Amino acid sequence: MILSGKQRQAVECLDNCLVVACPGSGKTRVLVNKVDHIIGLEPEAKILIVSFTSDSAKEIRTRVIDAIGESNSRLVASGTFHSVSLSQLRQGAAFTGSVIGDGLTKQYVERALIESKLSKIPLEEAMAFLENAKMNPDYDPHQDEHGRLYVAYTKLTERNNVIDFTDMLARTVRLMRLGELAPKSCKYLMIDESQDMDEMQYAWACEHIKAGSKFTVVGDDDQSIYKFRRALGYAGMQRFVDNFDANLITLDTNYRCRDEILTAAAKLIVKNKTRVDKALFAQRGKGGEVEVMLFADAGTEAMYATQLITKLSEGTPVRPPLKYKAKLEDGTYVEKEYVYQVGIKDDEWAILVRNNYQLKVLASAMRAKGIPIIYSGKDIWSDTPVCLAISLLDSLASKGKKTGFDAALHFAGIDHVSLDILHERYPNFRDIFFDNATIANSFSTDIADTINELGKWVAIWSKVIDRKKDDRISGVIRGVFDWFMKQMDANSCGSKDKYHKQLGMLVNASKILSSLEGSIFDRLFTVTSDVPPLDKKTKEKNKEKDTDGIFGAITLGTLHSSKGLEFDNVWLLSMSDGVIPDIKQENLDDESQEEERRLFYVGMTRAKNRLIISAVGEVSSFVNEIEVPIKDMTELNLNEAIPGKGKSGEKSQKNVSGEQDEH
């Protein structure tokens, strides 16, 4: 690919420069070409490239070596701020010991609390205090009432010749400022993702610039989403212009997104006031799709996403079954096989949320439908009270098992003493539901009524199960989950918030389980099997065997985790009011609201061809800013919804304003 005019300008600028690179603008390519350009002009010039993760540092170095050749690799060093700082300390003989992890760090903090006579301060509070102090390059312990804790901790670590992760950078900067440690030797310093720099990282860069290094810092203020990690964002990038007279070069051409996606994203981000002004341009032109949908609940949203992606993926080869070992109740293992039902291409889909817990329902629905996903979090089947409903279904179908009945009765309020008596009197625990007279004479009215009420339903559900008609099983499942819902109240859950969360989990689990086919055993096996998750490492292994990228998986992740990635299709799930922004807008200051808007922008600009945004209840205020019609899916019947065909594909949808929207 030929460099654009602005890319060429950034490559050929040998003075200090700040490159503001919009999403998908080829910033890594610019850095690689710049290294090649410099070595072509100055064959002995030393270059240092600093990034924020070891993976990105390795990727940049690999691409640089491919460009300049192995023979010139000695001229280029790369790493993260922390790895480069550690190498400085070791090369300067300022540190020869070992790096300690969280466990030993806590121990040293506990000792420092005692030595500084500040043991009344809680451990977590002390650790947070030290973290803040070590990330402030101008921190003076002598001007702080708790500074003696910092002094005690520093003495302990230095005496024992150890260093923690945060202190790698802090000690390096401190020694460079004192003139006791030389900056890394490099004529040209390049820093990637500069919007993520904090005060200590900026101070580290300044020491190198003062020593004579010419810098190129690359970043995008619109993608600064780590305020909680003290990232300086726009303000930090602007310092390079104000303090070092850096040339400002803006890469505003996006080579990733279709115009429809980038236009919507641009309408959003322009609302931010503290940013570098840039006119975004989509080099790929038109041909993309942006949709916004509003659902009544998270279960329907997740199931519809599952149905739609399944439909859109028809014809894609399905990856082979996954063989694994499952642990049985007796501790032994048995060979199992998980059969995938849907084919997904590599990097074809990503579904992103604001917070990890929002993925539980979706991951559960997709695994139940045999869709390959890259997701390492938990699903809803182990959550209380969903697991109790699962246990009751298992006991209903197993005949001999009593665990589910016991758990259900305890959930309904029957105490342990009464349950012990019941177990002693009824070896076949199911018999308690058919001995009403004895139960009534032996227990209080409340306990007897609870047992008899559940017993009535056990009799009905058992008859349906005994008929072995799989088409009626869904009714039993809904009935069991409904029974658990009726036993709940806010008081028993501890709070209204916990009550609503647990109620929602029951509703969503019921929808997913009743949408499956087969017997209760078949369905429970599908959702509760301990199937090893696919992950990025699995994906890389597959790439080695699958050069065409056929056997991919849907990436499930957060907006934060998606930074730097791209996919053909992106679904931003549950982008609801109160979720993003993460609290009600009226309680958000301007700085925090702009951070949340940037986070939404990052998610949008991961999409190459199709972007779907959905919400539950009420859409985020950010959705209104992109000016895309909202499809009202709150009355969607999942049993009738066949995406792309039939009724749901033929009828027009009403948008939120009540107007008709062509479908």
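User: Before we start, what should I know about the model and its numbering?

Analyst: This is a predicted model, in which local features need pLDDT of at least 70 and side-chain atom pairs count only at pLDDT 80 or more, while totals for chains, interfaces and linings use all residues. Residues are numbered from 1 along each chain as its sequence is written, and side-chain values use heavy atoms, with hydrogens and water left out.

User: Happy with that. What does the protein contain in helices and strands?

Analyst: There are 26 helices and 21 strands. Helices (H or I, at least four residues) and strands (E, at least two) are DSSP runs, numbered from the N terminus. The C-alpha atoms fill a box of roughly 95 × 70 × 50 Å along the principal axes. Of the 663 residues, 53% are buried.

User: Why is Met168 called buried?

Analyst: Buried means under 20% relative accessible area, exposed means over 50%, and partly exposed is in between (1.4 Å probe, protein chains only). Met168 has a relative accessible area of 7%, so Met168 is buried. Met168 sits in helix H8 (residues 165-178).

User: Which residues does Met168 touch?

Analyst: Contact means heavy atoms within 4.5 Å. Not counting residues up to four places away in sequence, Met168 touches His82, Ser85, Leu86, Leu89, Val99 and Ile163. For a sense of scale, Met168 and Tyr255 are 87 residues apart in sequence and 37 Å apart in space, C-alpha to C-alpha.

User: And how do you know whether Ser391 is buried or exposed?

Analyst: By the cut-off again: Ser391 has 17% relative accessibility, so Ser391 counts as buried. Ser391 is found in helix H14, and its contacts, leaving aside neighbours within four places in sequence, are Thr403 and Gly404.

User: What makes H6 roughly perpendicular to H7?

Analyst: Two packed helices are described by the angle between their axes and the distance between the axes. Axes are lines fitted to C-alpha atoms, for helices over the stretch in contact, and angles run from 0 to 180 degrees between N-to-C directions. Helix H6 (residues 123-134) and helix H7 (residues 147-159) pack at about 80°, with axes 10 Å apart. That angle makes H6 roughly perpendicular to H7, given that angles under 35 degrees count as roughly parallel, over 145 as roughly antiparallel, 65 to 115 as roughly perpendicular and the rest as oblique.

User: Which residues make that contact, and how do they divide by class?

Analyst: H6 brings Ala126, Phe129, Leu130, Ala133 and Lys134, and H7 brings Gly147, Leu149, Tyr150 and Tyr153. By class, the contact of H6 with H7 has seven nonpolar, one polar and one charged residues. Here Ala, Val, Leu, Ile, Met, Phe, Trp, Tyr, Cys and Pro count as nonpolar, Asp, Glu, Lys and Arg as charged, and the others, Gly among them, as polar.

User: Why is H14 called oblique to H19?

Analyst: The axes of helix H14 (residues 386-398) and helix H19 (residues 470-487) come within 10 Å and cross at roughly 135°. That angle makes H14 oblique to H19. On the H14 side are Val386, Leu388, Ala389, Ile390, Leu392, Leu393 and Leu396, which meet Val476, Ile477, Val480, Phe481 and Phe484 in H19. This contact has twelve nonpolar, no polar and no charged residues.

User: On to the sheet: what is the strand order, and which are the edge strands?

Analyst: Seven strands form an open sheet in the order E15-E16-E14-E17-E18-E11-E19, with parallel pairing. Two strands pair if DSSP finds at least two bridges between them. The edge strands are E15 (373-374) and E19 (630-632), each pairing on one side only.

User: How do you know that E14 pairs with E16 and with E17?

Analyst: Four bridges join strand E14 (residues 349-353) to strand E16 (residues 554-558), and E14 also pairs with E17 over four bridges, in the parallel sense. Ile351 stands opposite Leu556 in E16, and its bridge partner in E17 is Trp571.

User: What makes E14 largely enclosed?

Analyst: Five of the five residues of E14 are buried, so E14 is largely enclosed by the rest of the structure. Trp349, Ile351 and Val353 are buried on one side, and Ala350 and Leu352 on the other.
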